[in-house]
Amino acid sequence: MKPALLHLRGISQSFGSLQVLRGIDLSIAAGETLGLIGPNGAGKTSLLNIASGFSRPRAGRVCFQERDITRLGASRRARLGIMRSFQSSRIFPQHSIRHNLGLALRTVRGGAYAWMGGSAALRESLEQADSLIAHSLFRGRGDAPAGALSYGEQRLLDLLISLAPRPPLLLLDEPTAGLSRQEAADAMALLRSAHGSSTAVLVSHDLDLIFEYCDRIAVLNLGELAALGTPEEVRRHEGAQRAYLGSGP
Amino acid sequence: MSYYLLQALNALSFSVLLLLTGLGLTLVLSLMNFINLAHGSFFLLGGYIATQWLASGAPWWLAFPCAFVLTGLIGLLLDRFPFGQFYARTHLMQVLLTYGLAIIFADLMRWGFSADTLTPPLPEILRGGVWIAGLPFPTYRLLIIAAGIALALALWLILDRSLWGAALRACVSDRDIAETLGLNARRIFTIGMAVAAGLSGLGGALGAGMLSVHPGLDEEVLLLALLVVVIGGLGSVKSVIVSALILGFVDTFSRVWLPSFSSAVTLGAMLLILVARPQGLLQAQARTV
Amino acid sequence: MKTAPALAHIRTALAAAAALTAYGALADPYLLRLATEILLVGTAVMSLNLVTGQGGLVSLCHGSLFGGAAYAAAMLAQQTGANLAATLAIGIAAGACLAFLVALVSLRSNGLFFLVVTLVAGQLLWEVVFHWREATGGADGLRGFTSAAGRPWWSQPVWLYAWSAAWACASLMLLRRYLRRPAGIALQALRDQPLRMQALGYSASRIRIGAFALSGAIAGGAGALYPFLNLYISPQAVHWSFSATLLIMGVIGGIKTLHGAFAGAAIYLLIQTYLSSYTDRWQLLIGLLFVVTVLFMPDGVARGLRRRGGP
């Protein structure tokens, strides 16, 4: 059994009197793809926020690569290798595709803050962006402004930006939301091609996608872990069914 | 010891003035996300109105409601034009618009009321002082403190216990949802702006007997009001009360202990608070992503 | 081989240099002083445009950065005589240090809170300048602070104009280069997508501090020359109302541009000079200028920085 890359222990979260997460324990092994599903309001995005450092939990610890990172902020965790994406595409519309990617690449390649000696770092990051583009569906369109892309293409660019620095851990919040079947397949293909070096947590409402691509699935309901296991186990699990369909007759 | 008690009362009366003007500013900010740098002008205008009223021989106690109503009316007109169009604009644009208006108002007031420092003639009953712990304390300032307590209670009642208060709090929370419930957000904004201006004017009217009115007071008060809003954090009356008290006490006692550099000390202390708590002391936690 | 846009830039630069030189050769001292003021204040506005237009942070402390550097230069001149290199050096250092301090205290602040922190920080400096009579002259300011050696050669109207123009041009080129390099790109990206930048691992603190320090250095260099315009510096140059004035100049010229800063400064200063000699109520009209600008001309007069798929 591979060691846990990310370990969430006893995570609780509340906003005022609204309890959003109750005592969540979750481990993600290196190299696996974990799907995180559950009805709206279950706490999926809150859990992602806590794992990525965008919010502090009321209680509990977050450990990454055997190291307690609970007190670290989001950008610090990103530098350690935790890459989070958001429900809406956050790209830079007035920049070209290659500049969007170059921006992401400079955080790992260096030169992110370069000024006086910066033209070399700029050039290198753009060259690397070009090679990324050449192997993607944006081939030949590197200079197009990102704002001119369709919604689906922007989502794909957003995903590509997250993947570009080759982060050890990906936390993807509804990566295929609003995408057509074809675009969703493209997105997963993109993810698959980087998967070898990446561990991923996928939050999604697209159950077909989750069941097809994930090694394990965690079902969240009303802030608690209703089920955790392989796709087959979860498919048969009563708690999971109840979470989505309600307690039936 | 009694000297410090008296200074504490001084601080309290100053805090009431800060509370009144700070409430208006935070109301407008929380409700419409509107930064109003002309807010100090309402305070100054209220002061001039009270000064004129008290000098005219009319019943003295009407000076304060009069100031409230008149400045409130101006707030209402400003909401119609040009503030209303700017609620949706960026803060930069709001800052420049309201700052420009503040300059215009300051000059108009200087023109209309002269550049001299004016002190309103207080009615007999409010002149002189009372003996507290063996030292004299101006009766007028007791009035301010009493007015402040009464107002805080009234506000709490209105906001917490009345439908109108609930409507206001709903709009502050989430304008769009409130509108789906049938609330006319635009009208609530107008009322909010008018009440905010009126509160500041009332503060100025009450303050006239304590601070006197002079050109430049608007700018001083604006800075203080901004501090009150920001130190406490946005979104609640309680936070304004807390920060008004803090600022009032720090300002008063720094004048007592370090008279020549008191303002610098006050500003420095406030800056330290903001460094420690960038969102204010009582900022509610909310989901940001 | 130079591309067409680069050639156009070189042509513009040469034309500007020629115009500046011609003006310097032909104008009389009064006009030279006016132009010098426009150049110096315009440089301060340009430094503000970096932080506010490119960085998205509305700052009300830049007047204090400029004025603080001015006082530092004036006080140095009083002590040791006015050496041009030393004056510029202390101005740049003072501006950068003050800006660095402001950046530190405002690191975690945004929006209104940032505005108030910068306002308070700047006013804190004003309080010190206003009340520390022995060092700064208090409300009276500093006057005639050149030493017994008399007025330095470089503060003669023509030379001060020349040095101010040189500093303005150097600053403009420096800032343009900054914005085309990773540091400047990161600043703009932070303005546009702060959450995304955090998620990518960028340190917002580092970006802000860098931008502020650069902004302060540029404003400080201009501020250092400012007292030599009239051999006088007053606390008004450190007051937050001056910072607000810089903001409106920035907006008049186009807050998202760099060169627009000079247009904005020129328009404002010319109107102010004309109005104050024409009527007593000139302040009211200045206020009107603010209002009219945001109502009818919020994007300013100069064109925004062009984007052709990346800077």
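Helices (H or I, at least four residues) and strands (E, at least two) are taken as DSSP runs and numbered from the N terminus, and the expected span of a helix is 1.5 Å times one less than its number of residues. The model described here is predicted, with local features requiring pLDDT of at least 70 and side-chain atom pairs counting only at pLDDT 80 or more, whereas totals for chains, interfaces and linings use all residues. Residues are numbered from 1 along each chain as its sequence is written, while chains are lettered from A and ligands numbered from 1 in the order in which they are written.

Chain A contains 9 helices and 10 strands. Its radius of gyration, taken over C-alpha atoms and judged against a globule rule of 2.2 Å times the number of residues to the power 0.38, is 19 Å, close to the 18 Å that the rule gives for 249 residues, so chain A is as compact as a globular protein of that length. Along the principal axes, the C-alpha atoms of chain A fill a box of roughly 65 × 40 × 40 Å. Burial was assigned from C-beta atoms placed from the backbone, a residue being buried if 20 or more other C-beta atoms lie within 10 Å of its own, exposed if 12 or fewer, and partly exposed in between; on this basis, buried residues make up 49% of the 249 residues in chain A. Two residues are in contact if their C-beta atoms, placed from the backbone, lie within 7 Å, and of the contacts in chain A with a separation of 6 or more, 68% are accounted for by residues 24 or more positions apart.

Two strands are treated as paired if DSSP finds at least two bridges between them. Chain A has an open sheet of 4 strands in the order S2-S1-S4-S5, with antiparallel pairing. Strand S2 (18-29) and strand S5 (67-68) of chain A stand at the edges, each with a single partner strand, so one side of each is left without a neighbour in the sheet. Strand S4 (residues 59-64) of chain A is joined to S5(A) by 2 bridges, the two strands running antiparallel, and A:Cys63 has A:Asp68 in S5(A) as its bridge partner.

Helix H3 (residues 97-109) of chain A has 13 residues and reaches 18 Å from its first C-alpha to its last, close to the 18 Å expected. H3(A) bends by about 25° at A:Leu103, the bend at a residue being the angle between axes fitted to the seven residues ending there and the seven starting there. Of the 13 residues of H3(A), 11 are buried, so the helix is largely enclosed by the rest of the structure; among them are A:Arg98, A:His99, A:Leu103 and A:Arg106. The buried residues of H3(A) pack against helix H4 (118-134) and helix H5 (151-163) of chain A, together with helix H8 (182-192) and helix H9 (194-200) of chain C. Just after H3(A), A:Gly110 takes a positive phi of about 95°.

Chain B has 11 helices and 2 strands, and from the N terminus on its elements run α-α-α-α-β-β-α-α-α-α-α-α-α. The radius of gyration of chain B is 19 Å, in agreement with the value near 19 Å for a compact globule of 289 residues, and 49% of the 289 residues count as buried. In chain B, residues 24 or more positions apart account for 78% of the contacts with a separation of 6 or more.

Helix H8 (residues 185-211) of chain B has 27 residues and reaches 37 Å from its first C-alpha to its last, close to the 39 Å expected. A kink of about 25° in H8(B) is centred on B:Ala205. Because 21 of its 27 residues are buried, H8(B) is largely enclosed by the rest of the structure, and it is followed by B:Ser212, whose phi is positive, near 65°.

Between chains C and B, 35 residues of chain C are in contact with 34 residues of chain B. Helix H5 (111-131), helix H12 (240-253) and helix H14 (282-296) of chain C each supply at least two residues of the side of chain C that touches chain B, with H5(C) giving the most, 14 residues. This side of chain C divides into 25 nonpolar, 7 polar and 3 charged residues, where Ala, Val, Leu, Ile, Met, Phe, Trp, Tyr, Cys and Pro count as nonpolar, Asp, Glu, Lys and Arg as charged, and the others, Gly among them, as polar.

C:His131 is found in helix H5 of chain C and, with 16 C-beta neighbours inside 10 Å, counts as partly exposed. Leaving aside neighbours within four places in sequence, C:His131 is in contact with B:Ser260, B:Phe261, B:Ala264 and C:Gly138.
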